[in-house]
Amino acid sequence: MLKRYLVKRLFVALPSLLIASLIVFTLPRLIPGDVVQLMLEEKAYAKDLDEMRAKLGLDRPIYVQYFDWLGHIVRGDLGESLWTRRPVTEELQRRLPVTMELGFVAICIAICIALPVGIISATRQDTLRDYTARSAAILGLSVPGFWVATLVIVLPAIWWGWRPVTGYTEFSADRIGHLVQFVLPGVILGIASAAALMRLTRGMLLEVLRQDYVRTAWAKGLRERVVVLKHSLRNAVIPVITVLGIQIAQIVSGAVIIETIFGLPGMGRFLFEAINQRDYPVIQGVNLVVVSGIVFVNLVIDALYATIDPRIRY
Amino acid sequence: MSWTRRELLALGGAALGGAALPTAARAQTPKRGGTASVRIYDPPHFDHMLIISFKTNIALSFTHSRLVKHKTGPGVAPGTFPLEGDLAESWTQPNDTTYVFKLRRGVKWHHKPPVNGRELTAEDVKYTLERFVTVKGNSNAYMLRPMERVEAVDRYTVKVTLKEPFAWFLDMLASPMAIAVVAKECVDKFGDLKKAEAVIGTGPWMLDSYKPNQSLTFVRNPNYFLPGLPHIDRVEGSVDEDTSSRLASFTTGKYDIGVETVAGNINKVDWVQIKDALKQKRPGLKVVEFPGNVMSHVSMRTDQKPFSDVRVRQAMSLAVDRQGLIDAVLEGAGVFNAAVPAALKEWALPVAQLGEGARYFKHDPAEARRLLAAAGYANGFTASICFTTYGSTVLIDSAQLILKSFKDVGISATLEQKEYGAYIATCFNGNFPSMTYGPQTPFLEPDNFLFAQYYPEEPKNQSHIHDPVVADMLVRQRRTFDVAKRRDIIHEIQRYLAKQQYYVQVPSAIYTSVWDGALKNYAPNLGYDIGGRLTAAWLDR
């Protein structure tokens, strides 16, 4: 049944991706100032602009450009950057893993913080631990990641002369160094998500803990660990997983700043620069990959529902 | 413990003064080897003829040569750009429109395919100059617009014929912002020069590795045509886009040269914060201060009311509190600019010498209101200022102060902020309804500030100026080869423009350029030629 559901969902995802492709293709072209004007900048004589547009194929009708691009997408070709002529697919192959690693570390850290703290906070409601956890969560939500990142980099340098851990170490060059470099940015990126997830975990768990079947479990004399982790948490965690899917999209957008601060050559910085330069194929390619990624993650989350809650059947 | 301005200037003087000493007196023999570490920018691509980007030009300053270049080193005062031969051993000018360059013999291209270290010839120079003016998409082509033809007279002689006299021709060739000499085979092989593989020149270093968004590494060119140079074996350039990260890295000794702008400086606002930490952690640091050539101005539609009235423009200039702006935004370290930025000290006129127009650089709101009333705007007027932040808090703060200054005299202006791309595509090219505020490209000679911004129909003539008086002077200075006479004309232009106030010039920052004490025979300057400034430098560690 699940397999059938997934196939159905994949089929439904196709129109979504098609609409997304139309949006990512059209929106960058609606922003004032096209790529040619940015390329030629201050010495843009009208004749030069027209010639350059023709050279890049941007003088063709927009629908022709769209279908041309779509045709290449179907063949797995995301086109090449108008500025660098480097294939977008090649760039993504290099940059996507960096952002994915960063996002993975951030999500792991968010889960590792959010679930235990949320559980403790819910099971010890209105105690000092609960207040501390909730205050920490509000702090985590309020403090911007870029500010924490700046302090983490600048203060040790000024106080103790520690050289900031910035720049990118490739896995092939130094395996340990490669993994370690993601810890600090991952923690910073994960904190805000952890705060949101922790509050949700606490809220959902409190609700579940007041259910009759949980009261029955207590009455049966089950140990707290069994009542909370086995009987309550699995029900409480479903909305948390849903939000986790949304958090992944937020982490990708947060990565733009964190990657810049820590000098990680990921997708965030790549997209930011492409938007500034109106590098249409790059903007389109990156966004399409991100949209596809989010569709996929949500598909996985849907599948997880059934695993976590046996009552859910597709 | 803090460095005062006096101390800084003394240090700067000492650094420059050291250059005046005879070599023996300095008693230091250059050492070969070592790795210099610099903050570098990630080039959008490497074809300098297909982009206006300081990022590309800086990268090529390590790897490529030009026909002529600006002298570098401690003997050159920042803000001056004396010329010397680069690939050209010598040159003559038989008449106003002809230049004959004799090339150095035995100059080798980097030992990389497809050129594989072959000798550079006059044909390469001819190809470069012709590609510069003919390749589609080179918006710097205007720099050589007066060029009519290039001939390779023999293997080592290049003759350039101009359509009309152009006194800045050599300066354009020397500009590190444009004309690095390239090999035809590279263009043939790669289609253009955008890819890192196509970075093949005759310069002091060769591009060893390029990691997008991460780093550029240059290694010494063993066949560089200047014997014994460069002294430094390797230059590691780190792409460091975050201000706090690169400041922390500089404080802890990662970089040998300051990390902001091409002048290797530290922004004053940051300098104030970290100078004490630097004094402790990098006691040998060398510091020089000099005015920056990034000049912002308010441009306006002088072809329309109310800006077509000179009294309105003068009133606007009088309204702006330039000293207040320096104090509030530039940490008290700035210089007033006229039409030519003060940084170009050989050409700029100090405000006090602007004659009658000097008074419009004072802050005098009462006189501004009087002039507005005389022009029929006793109650002021409403306007808009097109603006983009360029990611600079200094620019944002100065825009706010300018708005306030205008409001104080009755000009109620709103700031219309645009995203960078939208700004460049519209306001930067003069397509705006009322006013625009923003910085201009920091050129190294006055012609690009004057001709480009004041000559009719030039794309950068943001204020839509059609003034036959100034147009005549602009053409005249271009045709005057005698430097002293040309300087007189340029001074005359500045005095005239001070009265006209087609643009309201805003002060520029004074740069605090810093470099590691172990980096010897290095001196900062304006311009993108970081590679050039490191060519004869060496590391004493």
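Modeller: A residue counts as buried if 20 or more other C-beta atoms lie within 10 Å of its own. The model under discussion is predicted.

Biologist: In that sense, how many of the residues of helix α14 of chain B are buried?

Modeller: Helix α14 of chain B covers residues 446–454. The buried residues of α14(B) include P446(B), F449(B), L450(B) and F451(B), and also D447(B) and Q453(B). The helix is mostly covered, and the count of buried residues is 9 of 9.

Biologist: Which elements do the buried residues of α14(B) pack against?

Modeller: Packing here rests on contacts, for which C-beta atoms must lie within 7 Å. The partners belong to chain B and span residues 468–478 and 483–500. They are α15 and α16.

Biologist: Which element gives the largest share of the side of chain B that touches chain A?

Modeller: The contact involves 41 residues from chain B and 40 residues from chain A. On the chain B side, β10, α7, α8 and α13 give two or more residues. That side divides into 16 nonpolar, 16 polar and 9 charged residues. The largest share, 6 residues, comes from α7(B).

Biologist: What percentage of the residues of chain A count as buried?

Modeller: The C-alpha trace of chain A spans about 85 × 60 × 35 Å along its principal axes. Of its 314 residues, the buried share is 37%.

Technical notes:
Residues numbered from 1 in each chain as written. Chains lettered and ligands numbered in written order. Predicted model: local features only at pLDDT ≥ 70, side-chain atom pairs only at ≥ 80, totals over all residues. Contact = placed C-beta atoms within 7 Å. Helix = DSSP H or I, 4+ residues; strand = E, 2+ residues; numbered from the N terminus. Nonpolar A, V, L, I, M, F, W, Y, C, P; charged D, E, K, R; others polar. Buried ≥ 20, exposed ≤ 12 C-beta atoms within 10 Å, placed from the backbone.
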